[in-house]
Amino acid sequence: MLGNKQVQKIKIRHVEEHDLSVCYNVESVCYTSDAATKEKIKKRIQLFPDGFLVAELNKRVIGIINSGSTNEEDLTDEAFKDMVGHVADGKNIVIFSLAVLPEFRRNGISKKLMTKFIEISKTLKKEKILLICKSGLIPYYQKYGFLYGGKSKSRHGGFEWHEMYLPLCVK
Ligand SMILES: CC(C)(COP(=O)(O)OP(=O)(O)OC[C@H]1O[C@@H](n2cnc3c(N)ncnc32)[C@H](O)[C@@H]1OP(=O)(O)O)[C@@H](O)C(=O)NCCC(=O)NCCS
């Protein structure tokens, strides 16, 4: 566990182009067959930096959250993870990755990332945040108010996925 002083030093900021390698490192350490390629991470940084945040401790990136935006509700579209069909002003925002390096987990870092992400999604006037997750993380997302949308048809990475959505009620 990090001490209080270290936790207070954690900064959440928007991604920048030079963060590509460190973001890809977090992605590949935290995911297995479902990890995004470096090319995909690059597109997400270039095409939608507004929806891509990093957690930094002492100038080291230790956590990420990234997304795309769309008017669609279909979360099984693999091409969308490659930002095909991404429209920055789409009504929904779809989280692709939320990841914290293993040695920094359980310090509230993903909570900081997610809280800021929800705040930004509201500022961007998105109607809903959508994502798919593995069954073990359903309660995790419910803590933020996400609702269960049913089992996904996606078999991304060879896993079984569940749909979750957070209505933002922004008028
Ligand atoms: C899931 C993950 C992002 C959590 O990161 P973290 O920084 O350890 O999470 P936090 O410390 O901010 O925890 C926030 C809350 O969620 C809970 N939580 C954390 N990990 C959890 C898990 N795996 N399952 C259920 N609850 C969890 C914490 O207890 C905490 O609850 P509290 O606010 O009531 O105290 C991290 O374990 C990870 O990177 N996993 C691998 C990638 C992954 O599966 N990402 C999710 C994509 S669908």
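Tutor: Start with Leu113. Leaving out residues up to four places away in sequence, Leu113 touches Ile12, Leu53, Ala55, Gly63, Ile65 and Leu98. Contact here means that two C-beta atoms, placed from the backbone, lie within 7 Å. Residues are numbered from 1 along each chain as its sequence is written. The model is predicted: local features need pLDDT of at least 70, side-chain atom pairs count only at pLDDT 80 or more, and totals for chains, interfaces and linings use all residues.

Now the setting. The largest nonpolar core has 37 residues, and Leu113, Leu53 and Ile65 are among those with the most contacts inside it. Such a core joins buried Ala, Val, Leu, Ile, Met, Phe, Trp, Tyr and Cys residues through C-beta atoms within 7 Å. Buried means 20 or more other C-beta atoms within 10 Å of the residue's own; exposed means 12 or fewer, and partly exposed lies in between. Elements that each supply at least two residues of this core include α2 (20-30), α3 (38-47), β3 (60-70) and α4. β4 gives the most, with seven residues. Helices (H or I, at least four residues) and strands (E, at least two) are DSSP runs, numbered from the N terminus.

Look at α3 next. Its buried residues are Ile41, Arg44 and Ile45. Seen down the axis of α3, they fall within an arc of 100°, so they line one face of the helix. The arc is that of the directions from the helix axis to the C-beta atoms. These buried residues of α3 pack against α2, β3 and β4.
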